[in-house]
Amino acid sequence: MTDELGLLTHEATIEALATELERTVMLADHCPSDLVIPTCPGWNAGALWAHLGGVHRWTTALLKARATEPISRKRLDIGAPTDDGWAPWMSAGADGLLEVLRSTPAQQPVWTWGTGRNARWWARR
């Protein structure tokens, strides 16, 4: 489960992410979109789901394209719900992200905003 540096392997990181994404989808299914998120001042659950789901779709697009330059999130049609249908939308985004992470080699070069410009970097985010 860990590599030579004692870090989780790419595969183990993806499986941990899958567990957390499953929990996030469950929360999206049970929380009304107007629920205030105390740890995100000024945000409600709908804003949080829109942000997270948008980031999942953006990251999926970066990985699929093997992008070496940033892709504008504003240019992506993320198709966010306009009602409380967040759970299916979050689930679809999580599934797409996990699929592309599992099919992309850890060391595949791809744009990131930090060091370690590869797919493994995205799995850890």
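## Salt bridges

A salt bridge is a side-chain nitrogen of Lys or Arg within 4 Å of a carboxyl oxygen of Asp or Glu. In this predicted model, a search of the whole structure turns up two salt bridges. One of them joins glutamate 15 to arginine 102, and the closest N and O atoms of this pair are 3.1 Å apart. Glutamate 15 belongs to helix α1 and arginine 102 to helix α3 (residues 86-103), so the bridge meets the definition while linking distant parts of the chain, 87 residues apart. Glutamate 15 counts as partly exposed because its relative accessibility is 41%. Arginine 102 is also given as partly exposed, at 46% relative accessibility.

Another salt bridge pairs arginine 23 with glutamate 20, and here the closest N and O atoms are 2.7 Å apart. Both residues are in helix α1, three residues apart, which means that about one helical turn separates them. Arginine 23 has a relative accessible area of 45% and is therefore partly exposed. Glutamate 20, with a relative accessible area of 40%, is partly exposed.

## Confidence of the model

The chain has a mean pLDDT of 93, and 97% of its residues reach 70 or more. Where pLDDT is low, the predicted coordinates should not be read in detail.

## Packing of helices α1 and α2

Two packed helices are described by the angle between their axes and the distance between the axes. For helix α1 (residues 10-30) and helix α2 (residues 45-65), the angle is about 145 degrees and the axes are 12 Å apart. The crossing of these two helices is left-handed.

On the α1 side, the contact is made by Leu21, Thr24, Leu27 and Ala28, and on the α2 side by Trp49, Leu52 and His56. Five of these residues are nonpolar, two are polar and none is charged.

Leaving aside neighbours within four places in sequence, tryptophan 49 touches Thr24, Leu27, Ala28, Cys31, Gly54, Trp86, Trp89 and Met90.

Apart from neighbours within four places in sequence, histidine 56 is in contact with Leu21, Met90, Gly93, Ala94 and Leu97.

## Methionine 90

Methionine 90 is part of helix α3. With 1% relative accessibility, methionine 90 counts as buried, because the cut-off for buried is under 20% relative accessible area. When neighbours within four places in sequence are left out, the contacts of methionine 90 are Thr24, Val25, Ala28, Trp49, Leu52, Gly53 and His56. Among them, Thr24 and Ala28 are on the α1 side of the contact between α1 and α2, and Trp49, Leu52 and His56 are on the α2 side.

Methionine 90 and leucine 21 are 69 residues apart along the chain, and 8.5 Å separates their C-alpha atoms.

Threonine 13 lies in helix α1. Its relative accessible area is 10%, so threonine 13 is buried. Neighbours within four places in sequence aside, threonine 13 is in contact with Leu8, Ala123 and Arg124. Threonine 13 and threonine 115 are 102 residues apart in sequence, and their C-alpha atoms are 18 Å apart in space.

Arginine 66 is found in the loop between α2 and α3. Arginine 66 is not a glycine, yet its phi is positive, at about 50 degrees. With a relative accessible area of 32%, arginine 66 is partly exposed.

Methods: Residues are numbered from 1 along each chain as its sequence is written. This is a predicted model: local features need pLDDT of at least 70, side-chain atom pairs count only at pLDDT 80 or more; totals for chains, interfaces and linings use all residues. Side-chain values use heavy atoms; hydrogens and water are left out. Axes are lines fitted to C-alpha atoms, for helices over the stretch in contact, and angles run from 0 to 180 degrees between N-to-C directions. Helices (H or I, at least four residues) and strands (E, at least two) are DSSP runs, numbered from the N terminus. A crossing is left-handed if the near helix is turned anticlockwise from the far one by less than a right angle, and right-handed if clockwise. Contact means heavy atoms within 4.5 Å. Ala, Val, Leu, Ile, Met, Phe, Trp, Tyr, Cys and Pro count as nonpolar, Asp, Glu, Lys and Arg as charged, and the others, Gly among them, as polar. Buried means under 20% relative accessible area, exposed over 50%, partly exposed in between (1.4 Å probe, protein chains only). pLDDT is the predictor's confidence in each residue, from 0 to 100.
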